[in-house]
Amino acid sequence: MLYSPAPMHIPDGFLSTMVAVILWVITIGVVGYALRRVGKDLGERQVPLMGVLAAAIFAGQMLNFTVAGGTSGHLMGAAIATILLGPWAAVIVLTTVVGVQALIFQDGGLLALGANIFNMGIIGVAVSYFVYRSVQKLSGGKTWGLYVGGFAAAWLSIVVAALAVALQLALSGTSPANIAVPAMGGIHMLIGIGEGLITVGALAFVHAARRDLLHIGEAAPTGGKAVWVGGLVIALLLAVLSPLASAHPDGLEWVAEQKGFLDTAQQPLYNLIPDYVFPGISNEALATIVAGIVGTLIVFGVALGLAFWRRRKTA
Amino acid sequence: MHLHFLDPYQPRNSPVHALDARLKFVLTLAFILTVSLTPAGAWPVYILLLALVVSAEVLSGLGIGYVQKRALLALPFVLAALPVIFTLYGRPLFSLPIGGWTLTASVEGLERFVSVALKSWLSMQAAVVLAAATQFPELLQAMRAVGIPRLLVAMFGLMWRYLFVLVDEALRLMRARAARSAWGTEAGKRSGGSVAWRARVTGGMAGSLFLRAFERSDRIYVAMLARGYDGEVRALPLPPLRAAGWFLLAAGLTLFGLLLIFAYAFWG
């Protein structure tokens with residue numbers, strides 16, 4: 001059978017009901033807004049365009065290439081959908097893809113569907129959009145920006161979505177964070193390379209064959225800035241939460257237990273914060289977080305400076 | 001009718017197939033929610049839930065073997081929950097010395113792991129039965145009935161309709177690639193160029209798949225316009241649920257509720 005489930009889709013049973021329901025609520029809100037947004041931008045064209053492109057993403061996920069030793073790289077498609085369609089339409093397309101995968105192929109659970117749409121459709125798209133737009137801006141519309149941005153968007157969207165999966169599992173008490181975060185993150189840092197390479201190949205093809213299509217997603221849509229900020233916040237938040245959680249798996253477990261609504265009903269409220277130290281934060285984790293943020297800012301600053309300098313020179 | 005190898009629908013003549021899709025959809029979701037809410041370690045409740053889903057499998061004529069084969073697809077994910085056996089504090093069960101480390105399994109950890117695996121397995125079976133015993137267009141009606149926006153349901157429907165066309169397109173692309181690049185059966189002999197080159201070729205295939213989909217969606221849109229499409233998604237009103245349907249729905253939901261009360265009364 002050609003259809004193989006990806007490790008990114010959470011099956012039912014792995015998320016606690018609370019986590020699943022909260023992610024459903026967020027997902028419904030965002031998808032509802034995206035649906036209205038796309039309706040305004042595309043009008044009556046949206047049904048055929050979104051439907052057929054969702055089918056194309058689904059079929060595109062079957063394309064694979066051998067890497068080594070029986071492993072193969074294949075496409076998830078969040079980045080390429082975002083680049084070609086713009087963020088709101090990409091959210092709708094990926095919602096449709098993930099929904100049909102869960103309903104028909106049991107690739108991901110039904111109760112966990114909200115979480116899966118959230119991870120792939122919302123986090124994946126927001127992070128892709130943030131990275132791609134940033135690199136695009138820095139490159140000043142040059143071709144290298146398309147390729148570098150495409151690769152970086154694809155890679156980061158996969159890694160950040162995987163971290164989100166790991167944190168959700170940890171929060172559900174299903175998998176300890178100090179094992180789930182490095183394992184999911186590590187595997188998807190490799191998988192992301194395949195995703196990035198295919199995305200670049202696809203962008204190169206579209207660039208050669210139908211350059212006009214690349215500018216549809218580029219025309220900054222209304223609310224594009226909000227998505228950009230959202231992508232930045234999600235990427236930073238997960239960069240902060242992941243080391244925190246893996247340094248203190250018990251802390252997260254503890255939070256999960258407190259948050260579990262059955263326990264909350266039985267426990268007095270003042271137990272939420274023990275009297276001497278805020279849970280989960282010690283110097284070690286704090287240092288990792290601060291290093292993460294500073295590192296991100298430095299890389300960002302250097303890239304910005306470089307682009308500014310290059311533009312000055314050409315002007 | 002053209003049956004695609006991907007379509008999980010299994011035509012049978014069974015009461016489960018004949019049941020209103022709305023009922024099947026809502027009851028399946030309620031079942032999965034019940035499974036999710038059942039506390040860890042409430043083994044009797046898990047057994048009762050398993051009995052329910054297995055009886056649906058038998059009743060549907062799909063056969064337990066078929067459902068199990070599909071339900072085991074999610075098995076690899078269980079690995080993610082494996083470490084919890086050793087990390088959850090509780091009564092020690094056994095210790096595994098690995099190098100300088102000692103892993104101690106706890107009873108609570110094992111209990112949680114087995115519960116997660118069981119929950120996943122039970123939910124999977126219910127979803128497989130739903131997909132195999134319900135035609136997708138009926139499932140779309142059920143989605144409309146529970147209040148999923150009509151526009152989204154229309155997109156789901158359109159995606160389903162063109163899914164097989166585009167999957168065939170992707171398979172043709174892969175066949176063309178296989179025909180043009182040598183493929184050695186000997187181990188250790190690589191086919192094609194470097195990994196980057198292979199990825200680029202695959203990317204080109206993905207790109208051309210997208211372009212074809214874009215162009216196809218244009219043609220579909222024009223065809224829809226020619227048939228009077230004006231942006232409004234119209235559908236026949238759903239037939240009302242009959243009394244027997246309401247009774248089944250109420251009975252099912254009550255049963256799930258009772259199982260949960262039972263579970264929390266003794267293991268909560």
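**View 1. Salt bridge between B:E215 and A:R210 in the predicted model.** The side chains of B:E215 and A:R210 form a salt bridge at 3.3 Å, N to O (a side-chain nitrogen of Lys or Arg within 4 Å of a carboxyl oxygen of Asp or Glu). This pair crosses between chains, from helix 9 (residues 195–226) of chain B to the loop between helix 7 (177–209) and helix 8 (224–247) of chain A. Helices are DSSP runs (H or I, at least four residues), numbered from the N terminus. A:R210 also meets A:D212 in a salt bridge (3.2 Å, N to O). A:R210 has 25% relative accessibility and counts as partly exposed (buried is under 20% relative accessible area, exposed over 50%, partly exposed in between; 1.4 Å probe, protein chains only).

**View 2. Salt bridge between B:E169 and B:R212.** Their side chains meet at 3.0 Å, N to O. B:E169 lies in helix 8 of chain B and B:R212 in helix 9 of chain B, 43 residues apart. B:E169 is buried at 8% relative accessibility, whereas B:R212 is partly exposed at 35%. A network of salt bridges links B:E169, B:R172, B:R212 and B:R216.

**View 3. Buried residues of helix 7 (residues 136–145) of chain B.** B:F136, B:L139, B:L140, B:A142 and B:M143 are buried. Just after this helix, B:G147 takes a positive phi of about 95 degrees.

**Notes.** Residues are numbered from 1 along each chain as its sequence is written, and chains are lettered from A and ligands numbered from 1 in the order in which they are written. In this predicted model, local features need pLDDT of at least 70, side-chain atom pairs count only at pLDDT 80 or more, and totals for chains, interfaces and linings use all residues, while side-chain values use heavy atoms, with hydrogens and water left out.

Conventions: Helices (H or I, at least four residues) and strands (E, at least two) are DSSP runs, numbered from the N terminus.
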